[in-house]
Amino acid sequence: MTLATGNDVELRGVTKRYGPILALDTFSLQVGAGEFFTLLGPSGCGKTTALRSIAGFITLNAGEVFLKGTRVTDLPPHRRRVGMVFQHYALFPHRTVAQNVAFGLRMQKVPKGEIADRVEKTLALVQLPRYAGRFPRQLSGGEQQRVALARALVTRPTVLLLDEPLGALDKKLRERMQVELKRLQREVGITTIYVTHDQEEALTMSDRIAVMQSGRIEQVGTPLEIYECPQSAFVADFIGNINLLRGTVIGHAEHQAAVDCRGAKLRIGALPGAVAPEAVMALRPEKVRLNPSEPLDNDLAATVVHLVYLGDSVLYHLRSDEGIELQALELAQAGGVRHQAGTRVRVGWRSEDASLLPLTSSPLPRGERLGEGG
Amino acid sequence: MPRGVGRGAEPPSEEISEGPRLWVRLALLLPFTAILALFFTVPLVLMAVISLSRQSFARFEWALTFKNYVRFFSDPFYVGVLWDTLWLGFLVTAAALLLGYPLAYHLARTRTRWKPVLLVFILSPLLVGIVIRCYGWMILLADRGLINGTLIEGGWISRPLPLMYNQFGVGLALVHVFLPFMVLSLTGVIKRIDPALLEASMTLGASPARAFWEVTLPLSLPGILAGSLLVFSLAISSFVVPILLGGFKVYVLPIIVYEQILSVFDWPFGAANAFILLLISLGIITGYIKVAERALRGLV
Ligand SMILES: Nc1ncnc2c1ncn2[C@@H]1O[C@H](COP(=O)(O)OP(=O)(O)OP(=O)(O)O)[C@@H](O)[C@H]1O
Ligand SMILES: [Mg+2]
C-alpha cells in the first residue's frame, strides 16, 4: 500500500503500552527527506521506544508507521531497510571490521566484487580505511562508533536511526564525533533520526528537534525556535538553563504584560497567545544584567547569594529583596569575578527578553524551581 | 563471505594482555596442581607402567613390553569395542547438543520468575542416583515395560520394540543424565550474547533464522565446544549405564577394563585398555579443539 506523504518517516498516532506505562501516547511525527531530526527528552520519556517502533522491534497498540510513504506497520525489521546505530555499537565480535560492514550487503545478496568495493569506500568515508582486518575488540570506542556507522550506512537505508550513539564516549571525543557525524550526514544526505537526552548535542546537530515528555511531543521546531521561543515551561527548562518565575498576570496589552511576582511588578514582552491569570515568566540567565549602566524595564535590588565560576563565564545565584530567586550568567571579565557573594547588586532585564508561558500541569524536569518566584 | 576484503592493507595489531604477575599466577595454581599430581598423575603413571608389564599366573612382573597393546589392536573384537565406544560417545554428544540447545536458549533468554524451578527440572537427572535412574529407564524400556506393554496391550504392535539391551537404550539413558552439562555450558554462553547484536543483524536485513545462523550460533560456539567436550568424555568413560541398560550386549571399553581387572585379574591388559581409551579420546578432543579454535578466532 502506498500513500504519498512526501516524508521519509511518518508516525501517526502511535501508542505503545507496557502494562500501566504509556511509553508512547498517540505519538505523531513527520521527518522530511535528508533531515537531521532529534528526539530529545528526559530519561524514560519514550525516545528509544519511538525509534524502535520505526525500526520494527515493537508491536504497537495503535497507530501507523510509514517509510517513504509506504505503510510498514506490520513489516518485520529485516524488511524495513532502516539503518540503526546502537548505544553500545552492537558490532559483531566474531567478525572483522570489513565483515561487519559487509554484513548488510551480504544479506542483500550484492555481488562479491561490489561488496568489497562498497565496504572499502564506506570505511574511507568514516575515516577508517586501514582497519578492515581488525576485530571490534581491537578498536577504541570512537573507532567502534565509526564502524557501526559505516555498517548502517553502507546499505543505503531509507533512514538512519541513532540511539544515543555518543553516550559511551568521553566529552572531548563526543564533541569531535558530533562534528564528524554531522559532516557525514550532510555528505551522504541521509534522513536521520537521532535520540539524545543531551540538549546541547541536540541544539548543535539538528535541523529540527522534538522535545518529548511522557510519551508525547511537547514541541517541535528548529533549535533556534526551541531555544528562543519555548512554548511550555517544560521545554524552556529542559533546553538550557532558565529562570522560571510563577506569578499572577495583573494586566496585559498586545505585546506587553505585567506580572505580579511576590509583590514585584515584572514586565514581559513576548506573549504566545491567550494569557491565563496564573502564568510562568521565563528568562534566560544570560539575559539578566547586573548593575546595568542604563535603567532597564525591569529593575530589582538583590543580593548575590552564591556564585559558580565556570571558566569562561560566571553564574550568579541572586535573591531579590522581595525574595525572588534568579540566576544570571555573565561572561568572565579580564579581572575575573565582578561581584563576590554577599554583595548588593541591581538586577535588570529588558521586557522583550522575558516570555510568558502557560502554567503546565506536567511536572518540570527540575520541578522545585518553578515555585521559587511565588 | 567477504573474508578477503581489505586483507593485507595492514596486519592486525598486536594485542597485549595485562594479567597478574607470574608468581601470583603460580601461587594460585599450586593447591589444585598439588592435588592433581598426588591423586591423578601418580596413579596415571603407575597405570602406564603396569600396562607395559607382563602377567604370569595371576601375578604381574615388571617388564617393558608392548605386548598388551599389540594384543588389543590385533584382535578385531577389542578394536570393534573401541569403535563402538567412540561412536556411542559421538551419538550421545550430538543428541545432547540438539536437545540441549533450544532448552539452553530458552533458559538464557526467559524472564519468567519460574527460572529457578526450570533449573531444578534441568538438573533433576543429576539429583537421582545412577542405579535408580537406570531402573527407572528399565521400567519404561523393557520388553514388558511400560512402553512396549502399552503398545502391545493396545494392539499397535505384536512384538516388543527393541528399546533396551542395545545402543539405543544406553544412549537414551546417557543423554538423559548428561543433558544438564550441555545445557549449563550453553546457557552461560548464550546469556552473554548481547540481544542488540540480533537486532543489529535484523536491521541489516537478516531474517530471524538468518540472524540465528550468522550471529547466535557462531557466538555460542564456546558453549557448544565446552558442552560437547564434557558430554563426550563423560559418555565414553561411562560404565554403570552401559552395564545396566546394555545388559552386556553393548560392550564399551570401560566394561572391558572392569572385566579385565576385576574378573580376569589381568591388570596389565586392563591398564592397557584404559590407556588406549585415554589416549584416543585425548587425541579426538585435541583435534576438536584445534578445529574449534579456528572457528572461534575473534570470539574470545
Ligand atoms: N520492554 C519494556 N517493558 C516494560 N516497560 C518498558 C519497556 N521498554 C520501555 N519501557 C518503559 O517505557 C518507557 C519509555 O522507555 P524508553 O526506553 O523509550 O525511554 P527513553 O526515552 O529511551 O529513556 P532513556 O533516555 O533512559 O533511554 C519507560 O518508562 C520504560 O520504563
Ligand atoms: Mg533510551
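Colleague: In this predicted model, is the crossing in which α3(B) passes α4(B) left-handed or right-handed?
Modeller: The two elements are helix α3 (residues 76–109) of chain B and helix α4 (residues 115–127) of chain B, which pack with their axes 10 Å apart. Where α3(B) passes α4(B), the crossing is left-handed.

Colleague: How are α3(B) and α4(B) oriented to each other, roughly parallel or roughly antiparallel?
Modeller: Two packed helices are described by the angle between their axes and the distance between the axes. For α3(B) and α4(B) the angle is about 155°, and angles over 145 degrees count as roughly antiparallel. The two helices are therefore roughly antiparallel.

Colleague: Which residues in α4(B) are met by residues in α3(B), and how many nonpolar residues does the contact have?
Modeller: From α3(B), the residues B:L103, B:H106, B:L107 and B:A108 meet B:K115, B:L118, B:L119 and B:I122 in α4(B). By class, this contact has 1 charged and 1 polar residue, and the number of nonpolar residues is 6.

Colleague: Is A:Q185 buried or exposed?
Modeller: A:Q185 lies in helix α5 (residues 171–188) of chain A, and, leaving aside residues up to four places away in sequence, it touches A:G34, A:E35, A:F36, A:I190 and A:T192. Because its relative accessibility is 5%, A:Q185 counts as buried.

Note on methods. Residues numbered from 1 in each chain as written. Chains lettered and ligands numbered in written order. Predicted model: local features only at pLDDT ≥ 70, side-chain atom pairs only at ≥ 80, totals over all residues. Heavy atoms only, no water. Axes fitted to C-alpha atoms, helices over the stretch in contact; angles between N-to-C directions. Helix = DSSP H or I, 4+ residues; strand = E, 2+ residues; numbered from the N terminus. Parallel < 35°, antiparallel > 145°, perpendicular 65-115°, else oblique. Left-handed = near helix turned anticlockwise from the far one by under 90°. Contact = heavy atoms within 4.5 Å. Nonpolar A, V, L, I, M, F, W, Y, C, P; charged D, E, K, R; others polar. Buried < 20%, exposed > 50% of the residue type's maximum accessible area, 1.4 Å probe, protein only.
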